Structure formats: C-alpha cells, structure tokens
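Dear colleague,

Please find below the structure we discussed handing over. A summary of the findings follows it.

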Amino acid sequence: MLAYALRRVLSTLPVMAFVALFVFSLLYIAPGDPAVVIAGDQASPADVERIRANLGLDQPFLVQFGSWVWRLLHFDLGTSIFTNLPVASMIAQRLEPTLSLMMVTLLLTIIVAVPLGVIAAWKAGTWIDRIIMAFAVFGFSVPVFVVGYILAYVFALKFDWLPVQGYTPLSQGVWPWLQNLILPAVALGCVYIALIARITRAAMLEVLQQDYIRTARAKGLGQGGILFIHALKNAAVPIVTVVGIGIALLIGGAVVTESVFAIPGLGRLTIDAILRRDYPVIQGIVLLFSFVYVLVNLLIDITYTLVDPRIRY
C-alpha cells in the first residue's frame with residue numbers, strides 16, 4: 001500500500017511541472033499588458049516601459065519563468081502587481097468562502113445524488129426513473145448562472161427566505177454561515193447532482209444483474225439491504241471516480257457562482273485578477289486549483305485499493 005501511494009505521489013510531480021509551464025506560458029502570450037493598466041491612459045510610452053522594467057516584464061521568457069519557478073521552490077507565489085501584497089496571503093484571505101462553498105456543495109450532492117441514482121436503478125423503466133433522469137438532463141443543460149439567478153429571484157427577492165449575496169464566516173455562527181451558502185450550493189450542485197445520479201444509476205443497473213444479487217433476494221434479504229449494502233458497495237468504484245472528476249466542476253463553477261452571489265472567495269479574486277492583468281495572482285490561483293485537483297485524484301486512486309480489493313498495487 002505504501003509503495004503504491006509513493007509511486008502515485010511521484011507520478012504527480014511531472015503533471016504539476018507541466019501545469020506550471022503551461023500556466024506561465026499561457027499568460028506570457030496572452031494579450032494585454034499589466035504595465036499599461038497600471039500606467040493609465042495618460043501615460044507615455046516611456047512611463048509604460050519603466051513600469052515594465054520595474055516589474056521584470058521586459059526580461060526574456062526563460063528568465064521570467066526561471067525566476068518564477070525559483071520562487072515556487074521556496075514556497076513563494078510572488079507579489080501582486082496592483083496591491084503589492086503577497087499572493088499567498090491574498091489567497092489565504094479568500095480561501096474560507098471557497099472551501100465552505102465547495103464543502104457544502106459536495107455534501108449536498110452526495111446526499112441527494114446517490115439515493116436518486118439508486119432509486120432510479122431500482123425503478124428502472126418506470127415513471128420514477130424517467131422523472132429522475134429528466135431532472136439529470138435539466139441539470140446538465142441549464143448553466144450555473146441561470147440556476148443561480150432563478151434561485152436568487154425566487155427564494156431571496158420574491159419570498160425573502162434566504163440572503164441573496166455575501167458570506168458570513170463560520171466563526172459568527174453555523175446558521176448564519178449556512179444561510180449564505182444554501183442558494184450558491186444548490187446552484188453549483190445541480191450539474192454535479194445530475195452527473196453523479198446518472199453514473200450511480202448506470203453502475204447500479206449493472207450490479208443488480210449479478211448472480212449474488214439474485215442469491216441475496218432468494219435468501220429473503222430486504223430490498224433496502226440489497227440496494228444500499230450489497231449493490232451500492234460493489235458499484236462504488238465508478239461513483240468514487242466521478243466524485244473526484246467532479247471536483248473540477250466545482251472549481252470551475254465556483255468562479256461563476258461566487259460572481260452571481262457576490263461571495264468574496266477565490267473565484268471573485270480570479271476574475272478581478274484577470275480584469276487587471278494581475279499575472280502573479282492568476283498564476284498562484286490556477287496553480288493552487290491544479291494542485292487540489294491532482295491531489296483529489298491521487299486520493300481517489302489510493303481509495304480504489306480500499307473500495308475494491310480486486311485492484312492490486
């Protein structure tokens with residue numbers, strides 16, 4: 001087990017190295033110049049060039065990339081071009097809202113999607129199955145921001161049941177914290193719920209055709225025990241896989257969701273940095289998101305050995 005985990009960890013290093021090169025190269029060739037944004041409309045070309053020199057943007061690509069990698073090796077994400085604050089501290093200040101949104105969304109998704117998929121497989125071909133799959137198609141088809149605006153209008157503006165925007169830290173109480181996350185989590189989780197429900201249904205349909213399920217029924221086991229103990233356990237591998245893949249949906253959707261509901265998280269910070277061409281902040285956030293995604297998939301791979309003993313390591 002330890003050797004397998006070590007091999008998986010070592011295999012992530014080339015991935016992160018490629019991600020770092022790709023992110024830096026993409027921003028290097030992207031249109032727009034932060035020096036022009038800082039200098040303003042009335043600045044002369046000499047002023048712009050002086051700002052570029054102070055920021056190190058006039059250096060060759062390899063020099064800039066080498067300097068950035070050297071700072072990364074010393075756990076330094078650099079300094080914001082506009083605020084002159086360390087990128088790491090800016091990310092740390094915005095981390096709690098984003099982590100809270102992703103955690104609540106993930107929890108809500110698993111609680112809702114897995115039972116829906118199990119029920120759809122149990123009632124395959126019936127009107128219950130069709131309704132659940134229709135909801136899954138709806139969840140895939142409607143963009144996150146559309147669902148967010150609908151939820152905000154109905155539950156916040158129309159009935160005034162929940163706050164429409166903002167974020168309350170967990171230190172100020174669980175219910176105030178959760179109030180601000182219910183609507184964003186539902187909006188962000190629609191796609192994720194649809195994805196996991198469909199995968200759960202497909203995996204369960206395959207497992208329910210196995211001989212040991214028929215044997216369990218012949219022994220008189222209850223339907224609930226067959227579905228949630230015997231069948232779901234053996235259908236867990238593809239479900240766990242799609243949960244890991246769905247982390248990417250959460251990361252991408254958080255950017256849009258935080259903008260719709262004015263949540264001061266990493267998504268809002270990313271959009272602000274892009275609009276201002278704040279390259280160090282963009283690089284730091286994208287690198288962090290990539291690291292989280294790689295780490296989650298690494299944990300999923302290791303979890304395989306616990307969920308399915310047939311997988312050898």
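**Findings: core contacts, salt bridge and annotated spans**

Beyond residues up to four places away in sequence, Phe261 touches Gly148, Ala152, Val164, Gln165, Gly166, Leu183, Pro184 and Ala187. Please note that this is a predicted model.

Phe261 also belongs to the largest nonpolar core, which has 69 residues. Those with the most contacts inside this core are Phe261, Trp68, Leu101, Ile196, Met204, Val281 and Leu287. Helix 8 (residues 174-207) supplies the largest share of the core, 15 residues.

A search of the whole structure finds 1 salt bridge. In the salt bridge, the side chains of Asp129 and Arg201 meet at 2.8 Å, N to O. Asp129 lies in helix 6 (residues 127-141) and Arg201 in helix 8, so the pair ties together parts that are 72 residues apart in sequence. Both Asp129 and Arg201 are buried.

Thr109 lies in helix 5 (residues 87-122). Thr109 is buried, with a relative accessible area of 0%. Leaving aside neighbours within four places in sequence, Thr109 is in contact with Val114, Gly189, Tyr192, Ile193 and Ile196.

As to annotation, the unreviewed UniProt entry places the feature "transmembrane region" at several spans, including residues 99-122 and 134-157. In the model, residues 99-122 are 100% helix and 0% strand, with the end C-alpha atoms 34 Å apart. Residues 134-157 are 92% helix and 0% strand, and the end C-alpha atoms of that span are 28 Å apart.

With kind regards

Definitions and conventions: Residues numbered from 1 in each chain as written. Predicted model: local features only at pLDDT ≥ 70, side-chain atom pairs only at ≥ 80, totals over all residues. Heavy atoms only, no water. Helix = DSSP H or I, 4+ residues; strand = E, 2+ residues; numbered from the N terminus. Buried < 20%, exposed > 50% of the residue type's maximum accessible area, 1.4 Å probe, protein only. Contact = heavy atoms within 4.5 Å. UniProt positions renumbered as here; feature names shortened; annotations may be inferred. Core = buried A, V, L, I, M, F, W, Y, C linked by side-chain atoms within 4.5 Å. Salt bridge = Lys/Arg side-chain N within 4 Å of Asp/Glu carboxyl O.
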